[in-house]
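I opened the coordinates and kept a running notebook.

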Amino acid sequence: MAPLNSSWLEISQGALERNVATFRGLLAQNACRLGGVLKGNAYGHGFKAVLPVLHPLLDVLYVIEPEDALAVRAFEASTHAPRKEVLVIGATEPDEAVALARAGVTLCVGDDGWRKNVEALRAARLPQPAKAHVHIDTGLSREGYAPGDIRRGFAFLADASDVLEVVGVFSHFANTEDVTEQEYALFQLENFRQGTDELRVLLGTTNVLEQHLAASAAALVLPQARLSVVRAGISLYGLWPSTETRLSARLTLPVVPTLSPALSWRCRSQIVKTLSPGSFVGYGCTWRCDVPTRIALLPVGYYDGLPRLVSGKAHVIVKGCRAPVLGRVMMNHIIVDVTRATHDDSPVVATLVGTDGTETLGVDTLSDWAQTINYEFVTRLGPHLKRTLTD
Ligand SMILES: *Cc1c(COP(=O)(O)O)cnc(C)c1O
């Protein structure tokens, strides 16, 4: 039975599979592989819940936290699944770099802080060098060596060839999802080409380097950025990176790809009761009933990831009807008006995100109410919420 004191998340396996198929369809034209990003607790969808679904469908898995990469290896070992290419795109401490190298996880090198990781790798005397991708900063000014700095950065990398084998090169776009005209992305792409060429010369290699630059937005609307592989995050979970990206897709692609949101958020009512006219509802007495009002008390609040900013704007769906949130979002509760949605005081199920009957509430709508973006909304869904896979 679903819990009474907490909301829960349903993750649709079918939706995840359809999104993978959408990307496969797009990438086939460019013979590009599909990587998926599972950072931020798999964009709030639950790393543990989605890993068994996405692992067999992806070519590469990208995580930020070393422990997530090791969890992928543990999953593979326990299910006898083949080992996939796994990259840690976040920062790593020396002892983490050693553990990852031992587990056959590909490391991402992009700053001089890596010198101490190299020392640790050397001290560990691993049987073979760890695979590494070099991060180039092409214009985001986040991780990576800037193009003019590759030669200097490489001086230490060249010395590290006993413990690091460079097999790939990558970068990250700054504003592909913020615009419909991609001049800056094209500038970054050009920087990336130059940086990659420079790196190749410095490496003295003609080896094929794996190259990746595109996250969801570029993978969707900038075909020239589909290099060896893409790193799809938000859209793998069925969400558009932005309105601009969706508009770009409409303008530039022969057909707009279909994305299927994978996440639904629901809860059971804790109490249903009728308030008499004049009753105040919630903290601050910001709502007052002017007519008899049947309300449902729902066990979900800002602790769970429903921002307090949606107070006075949001509704949930109960029995296929919109039920407005009355008053303020509290830490563990909201109160919704179910006068029209239900006709007695028996318990109800409320949908915060997802479909019930003919009504649908999307993450994008909630993000707008909360004055944020879908990325922040989903990654702030509490890690304590139960996530279950559905068809
Ligand atoms: C988060 C991230 C991605 C995925 O971005 P989406 O817009 O969610 O697809 C890809 N690459 C890097 C380096 C990232 O940090």
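These entries go from the whole chain to strands, salt bridges and a surface patch.

**Entry 1: overall**

I am working with a predicted model. I began with the chain as a whole. Its secondary structure comes to twelve helices and 20 strands. Along the principal axes, the C-alpha atoms fill a box of roughly 80 × 45 × 40 Å. I then looked up burial: of the 391 residues in the chain, 54% are buried. The chain exposes about 17400 Å². Carbon and sulfur atoms supply 53% of that area. For contacts with a separation of 6 or more, I found that 69% are between residues 24 or more positions apart.

I went to strand β5, residues 106–109. Are its faces covered or open? Both are covered. Thr106 and Cys108 lie on one side, Leu107 and Val109 on the other, and all are buried.

Next I checked the pairing. Strand β4 (residues 85–88) runs parallel to β5, and two bridges join them. Valine 88 has leucine 107 of β5 as its bridge partner. From β4 the chain passes through helix α5 (residues 94–102) to β5, in a right-handed β-α-β crossover.

I then followed β5 to strand β6 (residues 130–135). These strands pair in the parallel sense over three bridges. Cysteine 108 stands opposite histidine 133 in β6. The chain gets from β5 to β6 through helix α6 (residues 114–124), and this β-α-β crossover is right-handed.

**Entry 2: salt bridge of arginine 33**

I counted 13 salt bridges. The pair I looked up here is arginine 33 with glutamate 210, at 2.5 Å from N to O.

I compared each accessibility with the cut-offs. Glutamate 210 has 13% relative accessibility, so it counts as buried, the limit being under 20%. Arginine 33 is at 29% and therefore counts as partly exposed.

**Entry 3: salt bridges of arginine 152**

I moved on to arginine 152. Its side chain meets that of aspartate 112 in a salt bridge, 3.0 Å from N to O. Arginine 152 sits in helix α7 (residues 150–159), and aspartate 112 in the loop between β5 and α6, 40 residues apart. Aspartate 149 also forms a salt bridge with arginine 152, the closest N and O atoms being 2.7 Å apart.

How exposed are these residues? Arginine 152 has a relative accessible area of 42%, so it is partly exposed. Aspartate 112 is at 29% and counts as partly exposed. Aspartate 149 is partly exposed at 22%.

I also noted a network: salt bridges that share partners join Arg33, Glu85 and Glu210.

**Entry 4: a nonpolar patch**

Last, I looked at the surface. Which residues form a nonpolar patch there? I noted Tyr302, Tyr303 and Met331, with about 320 Å² of accessible area together. Tyrosine 302 is in the loop between β14 (293–298) and β15 (315–318). Its relative accessibility is 39%, so tyrosine 302 counts as partly exposed.

How values were computed
Residues numbered from 1 in each chain as written. Predicted model: local features only at pLDDT ≥ 70, side-chain atom pairs only at ≥ 80, totals over all residues. Heavy atoms only, no water. Patch = residues over 30% accessible without salt bridge, like charges linked within 9 Å, V, L, I, M, F, W, Y side chains within 5 Å. Areas by Shrake-Rupley, 256 points an atom, 1.4 Å probe, with all protein chains shown as cover. Salt bridge = Lys/Arg side-chain N within 4 Å of Asp/Glu carboxyl O. Helix = DSSP H or I, 4+ residues; strand = E, 2+ residues; numbered from the N terminus. Buried < 20%, exposed > 50% of the residue type's maximum accessible area, 1.4 Å probe, protein only. Pairing = 2+ DSSP bridges. Right-handed = clockwise from strand over helix to strand, strands pointing away. Contact = heavy atoms within 4.5 Å.
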